[in-house]
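Here are some notes on the model, for reading beside the coordinates. They take the helices and strands in turn.

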Amino acid sequence: MAIAYDIDQANRIVHVLITDSISIADIEDTFTAIQADRQFTKSAAVLIDAREMRRAFFVRESGNLVHTLGSLKASFISCYAFVVGQDYDPRAGRRFLIQARREGINLQLFRDPGAALKWLQLAK
């Protein structure tokens, strides 16, 4: 699987790294594993580094991704910061943000991982 995660218990932030082609099932499996991890704390924030994710997935699956993240929001995630790559399509990103906000998901897109981390610390 092209998704790995690490849990920062002290700051209640889950760092997720996506490195290649993925599917919605991969995301669901990853978040199931996170939720079952003994280091995980409920109401954590999630930083998803998707700079190496293939853009076609983001464009094609944004609606399904919002649905998946929305179902997780109610159970254990407080907010999401997505770090996107240089080939990021701003139109697809705006569409993704609008869909997420309609679902009540506290989510923001970033190009800089440091800015994403700073936002998560304020948004939690």
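Predicted model: local features only at pLDDT ≥ 70, side-chain atom pairs only at ≥ 80, totals over all residues.

1. The buried residues of α1 are Ile24, Asp26, Ile27, Thr30, Phe31 and Ile34. They line one face of the helix, because their directions fall within an arc of 160 degrees when seen down the axis of α1. Note that an aspartate, Asp26, is among the buried residues.

2. Helix α1 covers residues 24–36. From first to last C-alpha its 13 residues reach 18 Å, close to the 18 Å expected at 1.5 Å a residue.

3. Strands β1 (residues 3–8) and β2 (residues 13–18) are antiparallel and share six bridges. Aspartate 6 sits opposite histidine 15 of β2. Four residues separate the two strands of this hairpin, in which arginine 12 has a positive phi near 55 degrees.

4. β2 also runs parallel to β3 (residues 44–50), with five bridges between them. Valine 14 has valine 46 in β3 as its bridge partner. Together, β2, α1 and β3 form a β-α-β unit that is right-handed.

5. Helix α3 (residues 90–102) has 13 residues, and its end C-alpha atoms lie 18 Å apart, in agreement with the 18 Å it should span at 1.5 Å a residue. Its buried residues are Ala92, Gly93, Phe96, Leu97 and Ala100. These cover an arc of only 135 degrees around the axis, so they are on the same side of α3.

6. Arg91 and Arg102 are exposed on the face of α3 turned away from the buried side. After α3 comes glycine 104, with a positive phi near 80 degrees.

How values were computed:
Residues numbered from 1 in each chain as written. Heavy atoms only, no water. Expected span 1.5 Å × (residues − 1). Buried < 20%, exposed > 50% of the residue type's maximum accessible area, 1.4 Å probe, protein only. Arc of directions from axis to C-beta. Pairing = 2+ DSSP bridges. Right-handed = clockwise from strand over helix to strand, strands pointing away.
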